[in-house]
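Let's walk through this one together, from the whole chain down to a single side chain. Please have the sequence and the model open as you read.

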Amino acid sequence: MKHYIKYALIAICACAVLCAPLKTNALAAEVTQQETSFADAGSTADVSAESDAAVTSVDDTDAVSEQSISLSDCKISLSKTVYNYTGKEKKPAISVYSGKKKLKKNRDYTVAYANNVQIGTASVTISGLGNYEGTITKNYTIFPKAPASVTAAVDAREIIVTWSKKKSVDGYILYRRSAKSDSWQELKTFPRSKKMKYVDDDVTYGVTYEYAIRAYKDTENGRLLSDYSQAAKCAFKAEAPVITQLMPVSDSSFSIKWDLVEDADGYIVYQKVDGKWKKVKTVAAYATNHCTIPGLTYKKTYSFAIRAYWLSDDGTKQRGTLSESCKEKLYYEARYQNGYKLYYDASGDLITNVEAIIGPQKSYTIQINRTTDTVTVYAADPDKKDCLIPVKAFLCSTGKATPAGTFRTTDKYRWHPLYHNVYGQWCTRITGSILFHSVYYLTNKDANSLDVIEFNKLGTPASAGCIRLNCENTKWIYDNCSRRTQVTIYDDPNPGPLGTPEELTLDADHTWDPTDPEMKYLCKERGCHQE
């Protein structure tokens, strides 16, 4: 019996020893499995389906909550970081990623925009929700809008650039480049209070320029510039003169006239020779619109064209656009009409100065029309006793005391005192105190003391009774019309068979008569009124 009990105790002890390690390993395995599950659950915000399967046997009440994630660990981007000002809110879209997981607005985060209307730095603040915490602020920029309505146009020898202004900006910067260049040259900065206009006089004829504007706004973070505006292109070609008359003045010369081009310093006349334009005359004057081309062949056809030129600072000529050509045959013919012998060119136009065609005459008669303030000089027709040849016409100024009637000239005076302590040149007495004379001067024998206001009245009644003329015309009478030349003064709305001559207007400081042959040197010095 004792032996039985002894062996039973030994068996029990052996069983205890064998079973103890097995229980310890099972507990360790259970703890290890739980720790692994907790670690997987907190390692990422995006729990995989495989992890979910590992805890399907765990009740919801036993699940452990996910750990919070900072937005600073997430990737946040804006759909756009640069805008142009329009006066409306700018709201770029927001993208937030935690790893590969895209977070959802208003579930994982919220957004709030600030300063996102006016030009400057705008911002958006992203704030975390739920398992996401913290705030992140992203900035973006609203730039000025590029200006619109930029225009560039040639005005005489300058280019005028204009554009519209906006209240939203502080000013503008103007840029220029030639059409062949890729880089812009900054010309000038304009505060918004200034007039949005620029006069570009530093330009070269024949060059095409482009102009662009950038608006700017000064902010706390510095100056913000808009994009370049759409470029305004301008081909800087000088205005072409317009030829108004090509008239024979003899059997070997043409007189050519043209419209003046504003601010031109002079003109170059070209003649077509063998199909090419050849320069034949330079009129170095800004206020002369005519010249004579001599040395031609009668009954031959000629073509002429003109271009204006401008003098640059170094004295070189910048040539403008060549005019349309004018073609004419050097030919004239006489026609008898209404008691006159009139001369017409090859195109059938009346020739208004036939002095060189008929040559010098022994005597002339003069008619003065008080209604139109014109003077017409006539010569006798050697082929018809009762016919007159209108030779040339002048502008004049008559007055209320100018008498009507027929008179014969008497005395002549190189200089002569006139009423009100003024003086006239090349005077010819018509009758009594009535003279042909120049526009008066303030100082005796001083041809540089011309009354410019009175000169510019030629062609209108302005005298005290005498017949005022420019120096060229009164000198012509003084030189070519002998004493006892017949002068008829009358009234008629018709100026006469040669019409009304062209006016000549002077600037206020042009205190000499440009037709005075003794004063042409001043016109040459000034660059006006000369061929």
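Predicted model: local features only at pLDDT ≥ 70, side-chain atom pairs only at ≥ 80, totals over all residues.

Residues are numbered from 1 along each chain as its sequence is written, and side-chain values use heavy atoms, with hydrogens and water left out.

The chain holds 6 helices and 36 strands (DSSP runs numbered from the N terminus: helices are H or I with at least four residues, strands E with at least two). Of its 531 residues, 40% are buried, meaning under 20% relative accessible area with a 1.4 Å probe and protein chains only; exposed is over 50%, and partly exposed lies in between. Taking contacts (heavy atoms within 4.5 Å) between residues at least 6 apart in sequence, 61% link residues at least 24 apart.

Now find strand β22, residues 290-293: Cys291 and Ile293 make up its covered face, while His290 and Thr292 lie on the uncovered one. Strand β19 (residues 253-258) runs antiparallel to β22, joined by 4 bridges; pairing takes at least two bridges found by DSSP. Across this pair, Phe254 stands opposite Ile293.

Beyond its neighbours within four places in sequence, the contacts of Tyr286 include Leu260, Asp507 and Arg526. Leu260 is 26 residues away from Tyr286 in sequence, yet their C-alpha atoms are 7.8 Å apart.
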